[in-house]
Protein chains: 2
Amino acid sequence: MAKVDTSLVAHLPLFEGVRPDDLEEILREARSARYPRNTAIFEQGADAQSFFLLLHGHVRAAKTTPTGEQIVVRYVAPGETFGLAMAIGAPHYPATALAVDDSVVLIWPNSAWPRLIDRFPAIAANTLQTVGARLQESHTRILEMSTQQVEQRVAHALLRLAKQSGKKLDHGIEIDFPISRQDIAQMTGTTLHTVSRILSGWESQGLVESGRQRIILRDPHGIVVLAERTADGGSA
Amino acid sequence: MAKVDTSLVAHLPLFEGVRPDDLEEILREARSARYPRNTAIFEQGADAQSFFLLLHGHVRAAKTTPTGEQIVVRYVAPGETFGLAMAIGAPHYPATALAVDDSVVLIWPNSAWPRLIDRFPAIAANTLQTVGARLQESHTRILEMSTQQVEQRVAHALLRLAKQSGKKLDHGIEIDFPISRQDIAQMTGTTLHTVSRILSGWESQGLVESGRQRIILRDPHGIVVLAERTADGGSA
DNA sequence: CCTGGTGTTTGCGATAGCGCAAAACCGGCC
DNA sequence: GGCCGGTTTTGCGCTATCGCAAACACCAGG
């Protein structure tokens with residue numbers, strides 16, 4: 001197994017405040033693995049045995065109900081951790097992680113966690129911050145679902161994706177991994193049909209350009225405007 | 001200011017793994033305060049200067065949109081922490097905290113936080129667990145809002161409240177603080193009108209008994225059944 | 001080049017729940 | 001004991017969005 005260069009990960013929030021030689025020790029406890037597109041990294045409900053740091057690619061974390069409906073909890077971008085079940089005291093993974101693109105991850109056994117935070121308290125503090133940030137995002141999402149209509153929610157979702165994983169183009173921003181109408185529906189609490197209708201509408205207004213599992217924001221600012229619309233159409 | 005007896009708080013999750021004499025030192029850094037019913041403890045957007053531990057009473061954390069709509073993020077029960085903005089790296093409180101009942105809290109200045117987690121790493125770990133638990137709850141809530149209809153969401157909300165803050169009665173469980181239809185609407189992403197209709201319906205079926213800011217679950221099991229209903233009425 | 005399969009578009013009816021409005025209720029305060 | 005303000009109840013029309021169904025488009029593989 002190839003050794004991971006510390007310089008690749010030293011700047012990540014997770015390791016802020018960790019000394020370089022400590023970092024080397026930390027990385028020695030991890031192994032790396034590659035997951036091809038559309039393979040599962042772990043399944044919801046499985047015993048949580050490891051936690052992960054995404055190096056390359058994109059991972060979708062999704063939760064499934066007993067009746068089979070799914071929601072997307074989040075998309076993981078390179079540099080972010082996921083599968084932190086142990087850190088937050090859960091014995092099982094609360095969601096399923098799927099590589100939506102060929103992905104490379106670092107994997108630590110859960111048994112390493114107590115030792116890590118004991119020796120490097122900064123890691124606990126950093127993790128607390130990122131989990132806290134995710135909590136805030138969740139609350140924002142709940143707020144949106146409670147108070148906004150579908151079109152605005154979709155707009156917000158796309159803007160967040162563009163910010164997190166957007167590739168700047170000559171004219172516009174492309175979301176940098178395969179994402180379907182269904183995925184967006186599962187992020188915003190609606191159906192793929194409604195998402196499709198909305199995107200079609202936006203496309204005819206030149207706001208976006210999209211196709212099979214591919215979305216380009218041609219007019220990000222226009223989408224921001226949509227996202228912030230109060231609710232009254234405003235079409236004089 | 002009266003000194004806080006360590007035995008009152010020693011068993012709380014926050015202090016798990018902290019030695020009794022350390023605990024005393026920790027408590028010395030806090031002051032306590034009393035907030036009468038319906039007074040604000042802090043406002044959304046204000047500089048986060050302190051974090052809190054609720055000793056008695058009940059606190060509602062709510063988020064407001066720019067346009068004035070509100071959602072209830074959670075109800076804080078005695079023994080729980082709130083206002084952890086600093087711990088999660090936020091310079092401002094992301095929500096407003098209101099004492100919904102006469103409440104007593106311990107208050108630490110944020111400046112104490114770095115020192116605390118430095119000297120007592122268990123506190124960081126414990127906080128990570130509770131924040132993680134809240135994150136999971138948020139995800140569950142998002143899942144519910146995405147996949148269930150209003151009646152089921154209200155059922156789930158009441159059950160959670162009953163579990164967290166229910167007072168056992170001879171026959172039924174009473175939610176132990178004043179809560180209005182509007183509050184429940186803001187927890188479930190609906191309107192007070194719809195909540196009122198639902199509770200009226202349940203009342204006529206003997207499932208609940210309720211009045212002004214007061215709810216008693218007379219048949220908790222019946223509500224569980226409702227909460228788990230797939231969606232098809234089933235009235236054949 | 002053809003074919004299968006997944007993802008997308010679109011039409012059309014059905015409806016859960018909203019939004020507004022008005023009335024009834026309730027509890028505490030003066 | 002009566003008044004006042006917040007809370008709750010209820011009616012009624014409306015509409016955003018779902019749900020189903022069918023037709024399409026596109027990519028990958030053979």
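Student: At what angle do helix α4 of chain A and helix α4 of chain B pack, and how far apart are their axes?
Tutor: In this predicted model, the two helices, residues 121-147 in each chain, pack at an angle of about 25 degrees, with their axes 9 Å apart.

Student: Why is α4(A) called roughly parallel to α4(B)?
Tutor: Angles under 35 degrees count as roughly parallel. The angle here is about 25 degrees, so α4(A) is roughly parallel to α4(B).

Student: Is the crossing of α4(A) and α4(B) left-handed or right-handed?
Tutor: α4(A) passes α4(B) in a left-handed crossing. The contact of the two helices has twelve nonpolar, ten polar and four charged residues.

Student: What makes the pair between A:Thr190 and DNA strand D a polar contact?
Tutor: A polar contact needs a pair of N or O atoms within 3.5 Å. A polar side-chain atom of A:Thr190 lies 2.6 Å from a phosphate oxygen of DNA strand D. That value is within 3.5 Å, so the pair counts as a polar contact.

Student: Which element gives the most to the surface near DNA strand D?
Tutor: α7(B) does, with five residues. The residues of that surface divide into two nonpolar, twelve polar and five charged.

Notes
Residues numbered from 1 in each chain as written. Chains lettered and ligands numbered in written order. Predicted model: local features only at pLDDT ≥ 70, side-chain atom pairs only at ≥ 80, totals over all residues. Heavy atoms only, no water. Polar contact = N/O pair within 3.5 Å; in protein donor to acceptor, adjacent residues only side chain to side chain. Helix = DSSP H or I, 4+ residues; strand = E, 2+ residues; numbered from the N terminus. Nonpolar A, V, L, I, M, F, W, Y, C, P; charged D, E, K, R; others polar. Axes fitted to C-alpha atoms, helices over the stretch in contact; angles between N-to-C directions. Parallel < 35°, antiparallel > 145°, perpendicular 65-115°, else oblique. Left-handed = near helix turned anticlockwise from the far one by under 90°.
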